[in-house]
Amino acid sequence: MKLNRLNTVSWLDSQLLYHAQPRLGREGLNLLSPGSPYVCVGYFQDVDQEVDVELCRQQGIPIFRREVGGGAVYLDGEQLFYQLIIHRDNPLVPHGWEAFYRRFLQAPIAAYQALGIPAEYRPVNDIVAHGRKVSGNGAAEIGDYLVLVGNLIVDFDYENMARVLKVPDEKFRDKLYQTLRDNLSTVRREIGTAPPREELWDLMAEEFSKVLGPMDTVTEVDEEWRAEVENLAQTMLTDEWLYKRRGRPGDRKVTIRAGVEVRQKMYKAPGGLIRLIAELRDGRLGAVSFSGDFFFYPSEKLVDLEAALVGVRPEDAEQVIGRFYEQHGIESPGVTPADLAHVLV
């Protein structure tokens, strides 16, 4: 496996490089950080509901939709990214997503501990210290490869994070800012200083090598890799990709005519926020659309699940969803069929 120690790259490369590797059939571990700030939204999220798009445009802050689930986050060069791309048949890959996180998050946990920070794993995908999150992580399936992305948070811009997210009013924004301060910490906050960047890269490489085995170090992006990044940019920088899942916030029911209504609902499951837009015709579901900051594997099966619910009575949805999970081997950590059915009734 290659250790791609790329250090500081463009904000776009910090996302597209790991999206390109599975498409090229390449395993690898990337260590890098973005050269400028941007907002990154989860695969299943609705950008208009989660992000203050107009503010980002005014401030020149790019917005990018990744192929990994989870929530919207403000990213910058004070976060050191690790990105693991590994084939599903690699003997290092355990069965089940929680086991996957547990195994490969050993490395950043050990790195934090080496810095004197008592980090520990918290299911499904967080690393915490003193009860506060110190690393955000997500995983996805891209082709035959599993991808883990996460960060060593050296410092964090709480104010800009609170500014770029869409909120109902300034009072809510103030509460969001304080909640971020109370529940998310950094290397600098925990130990009062930030070690030199090269020392942190060395530490991360050392700890990952204990989990992954010896790796050959690469420091540049080769021509084939660069060509695939540029190819992906043609799709992943379009409005069609960025705004592909759309909806409207809040719980609402609009009757179109007798027997026909449109429902909009939200529900906070342990594994994330679930948003729903659904049509109901004569007591049966019509078009169904789920969005939110949850994880769902394989991700492309969410569209199939939505299709499978068409024609189903809402009270029967949990049973249908449960069967779909069994038939397709669905995993959605912290989100059960009952959770998805909850927003349908």
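1. The expected span of a helix is taken as 1.5 Å times one less than its number of residues. On that basis the 16 residues of helix 9 should span 22 Å, and because the C-alpha atoms at its ends are 22 Å apart, the expectation and the model agree. Please bear in mind throughout that this is a predicted model.

2. Which residues of helix 9 are buried, and what do they pack against? The buried residues are Leu-200, Trp-201, Leu-203, Met-204, Ala-205, Glu-207, Phe-208, Val-211 and Leu-212. Their packing partners are strand 1 (2-9), strand 2 (28-34), strand 6 (79-87), strand 10 (145-153), helix 4 (97-104) and helix 5. Just after helix 9 comes Gly-213, which takes a positive phi of about 95 degrees.

3. The packing of helix 5 (residues 106-114) on helix 9 (residues 197-212) can be described in more detail, with an angle of about 135 degrees and axes 8 Å apart. Angles from 65 to 115 degrees count as roughly perpendicular and those over 145 as roughly antiparallel, and helix 5 and helix 9 are therefore oblique to each other. The crossing of helix 5 past helix 9 is right-handed. On the helix 5 side the contact involves Gln-106, Ala-107, Pro-108, Ala-110, Ala-111 and Ala-114, and these meet Leu-203, Met-204, Glu-207, Phe-208 and Val-211 of helix 9. By type, the residues in this contact between helix 5 and helix 9 divide into 9 nonpolar, 1 polar and 1 charged.

4. Helix 1 can be checked in the same manner: its 12 residues (residues 13-24) should span 16 Å at 1.5 Å a residue, and its end C-alpha atoms, being 16 Å apart, agree with this. Helix 1 is mostly covered, with 10 of its 12 residues buried, and the buried residues include Leu-16, Leu-17, Tyr-18 and Ala-20 as well as Asp-13 and His-19. Gly-25 follows helix 1 and has a positive phi, near 70 degrees.

5. How does helix 1 pack with helix 10 (residues 223-236), and at what angle? The angle is about 110 degrees, with the axes of helix 1 and helix 10 lying 8 Å apart, and that makes helix 1 roughly perpendicular to helix 10. Helix 1 contributes Asp-13, Leu-16, Leu-17, His-19, Ala-20, Gln-21, Arg-23 and Leu-24 to the contact, while helix 10 contributes Glu-224, Trp-225, Arg-226, Glu-228, Val-229, Leu-232, Ala-233 and Met-236. The residues of this contact between helix 1 and helix 10 divide into 9 nonpolar, 2 polar and 5 charged.

6. Ile-127, in strand 8 (residues 126-129), has a relative accessible area of 0% and is therefore buried. Leaving aside residues up to four places away in sequence, Ile-127 touches a set of residues among them Tyr-82, Leu-105, Pro-108, Ile-109, Tyr-112 and Asn-137. Asn-137 is 10 residues from Ile-127 in sequence, and the C-alpha atoms of the two are 8.2 Å apart in space.

7. Gly-42, found in the loop between strand 3 (38-41) and helix 2 (47-50), counts as buried because its relative accessibility is 0%. With residues up to four places away in sequence left out, Gly-42 touches Arg-65, Arg-66, Val-68, Gly-69, Gly-70, Gly-71 and Ala-72. Gly-42 and Arg-66 are 24 residues apart along the chain, and 5.9 Å separates their C-alpha atoms.

8. Some backbone geometry deserves a second look, since most residues other than glycine have a negative phi, and most peptide bonds are trans. Asn-7 in strand 1 is not a glycine, yet its phi is positive, near 55 degrees, and at 24% relative accessibility Asn-7 counts as partly exposed. His-130, in the loop between strand 8 and strand 9 (132-142), likewise has a positive phi of about 55 degrees, and with a relative accessible area of 57% His-130 is exposed.

9. Where are cis peptide bonds to be inspected? One runs from Pro-123 to Val-124, with omega near 10 degrees, and Val-124 lies in the loop between strand 7 (120-122) and strand 8. Another joins Tyr-297 and Pro-298, with omega about -10 degrees, and Pro-298 is found in the loop between strand 15 (284-292) and helix 12 (301-308).

Note on methods: Residues are numbered from 1 along each chain as its sequence is written. This is a predicted model: local features need pLDDT of at least 70, side-chain atom pairs count only at pLDDT 80 or more; totals for chains, interfaces and linings use all residues. Side-chain values use heavy atoms; hydrogens and water are left out. Helices (H or I, at least four residues) and strands (E, at least two) are DSSP runs, numbered from the N terminus. Buried means under 20% relative accessible area, exposed over 50%, partly exposed in between (1.4 Å probe, protein chains only). Axes are lines fitted to C-alpha atoms, for helices over the stretch in contact, and angles run from 0 to 180 degrees between N-to-C directions. Angles under 35 degrees count as roughly parallel, over 145 as roughly antiparallel, 65 to 115 as roughly perpendicular and the rest as oblique. A crossing is left-handed if the near helix is turned anticlockwise from the far one by less than a right angle, and right-handed if clockwise. Contact means heavy atoms within 4.5 Å. Ala, Val, Leu, Ile, Met, Phe, Trp, Tyr, Cys and Pro count as nonpolar, Asp, Glu, Lys and Arg as charged, and the others, Gly among them, as polar.
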